[in-house]
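Here is a short report on one chain. Please look over the sequence and the model first.

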Amino acid sequence: VTHSIPACIGSMMINSKQMDNESPVSIFAVNKCYVTVQDGTFFDGSGFAALVREGYKVRSDVNITLEFRTTAVHGVLLGVSSAKVDAIGLEIVNGKVLFHVNNGAGRITTTYEPRGTNSLCDGKWHKLQANKSKHHISLIIDGNLAQTDNPYMQSTSADTNNPIYVGGYPADVKQNCLTSKSSFHGCLRNLVLTKGQQAELFDLSRAYDLRGVFPHSCPGAEH
């Protein structure tokens, strides 16, 4: 077993002696247990999760689905970017959701703008689907569709072979399809990337780098 247990542990006794959890000799990547807890991964607004160290190839088609919950009006959701210009990016900016794609010819953006500035940042769960199909891109938020015409119709493939950054990214990493540097503060769950018939559910506890991210444990209310 190479992964820590995603759980809360309390009232531990060894040889009838109560262990003191409150003042341990050393501690690493252990968070407090929440009184009310939901499925999901908590992002404290300071870091990111890095997935697929060997590189994720976006190419011509990808469909991204996830659920998010936040009270912050800014935050990176996901980015995959080559060192050149090819990249995709999902972010919340001023309470709007932006999906950016660059297939090499130029960045195009689809924006979902809710009626109220805070209606997506109300601390409730929202469903997001971002779809790139060759040069077409679209966003569906809670069943509402947003899409944009792409003037670069000849350019269809985002040639990436780079990690997927979720909820933020390191300062020394270039992201061509993100405008924000703000790390996400809130909860994410059910992150799935689909190519053709191949759907992949990403377990954030198996990220190769986690900073300020607490998998499988989402506080029942923002704190």
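Where does isoleucine 5 lie? Isoleucine 5 lies in the segment before strand 1 (13-14); strands are DSSP runs of E, at least two residues, numbered from the N terminus. The model is predicted, so local features need pLDDT of at least 70 and side-chain atom pairs pLDDT 80 or more, while totals for chains, interfaces and linings use all residues. Residues are numbered from 1 along each chain as its sequence is written, and side-chain values use heavy atoms, without hydrogens and water.

Isoleucine 5 counts as exposed, at 60% relative accessibility. Buried means under 20% relative accessible area, exposed over 50%, and partly exposed in between, with a 1.4 Å probe and protein chains only.

**Salt bridges**

The structure holds four salt bridges. Each is a side-chain nitrogen of Lys or Arg within 4 Å of a carboxyl oxygen of Asp or Glu. Three of them, among others, are tabulated here.

| Pair | Closest N to O |
|---|---|
| Arginine 189, glutamate 67 | 3.1 Å |
| Lysine 96, glutamate 113 | 3.9 Å |

Glutamate 67 counts as buried, at 12% relative accessibility. Arginine 189 is partly exposed at 24%. Lysine 96 is partly exposed, with a relative accessible area of 28%. Its partner glutamate 113 counts as exposed at 53%.

**Annotation**

The unreviewed UniProt entry annotates residues 38-218 as "domain: Laminin G". UniProt annotations may be inferred rather than shown by experiment. In the model, that span is 0% helix and 55% strand, and its end C-alpha atoms lie 5 Å apart.

Conventions
Helices (H or I, at least four residues) and strands (E, at least two) are DSSP runs, numbered from the N terminus.
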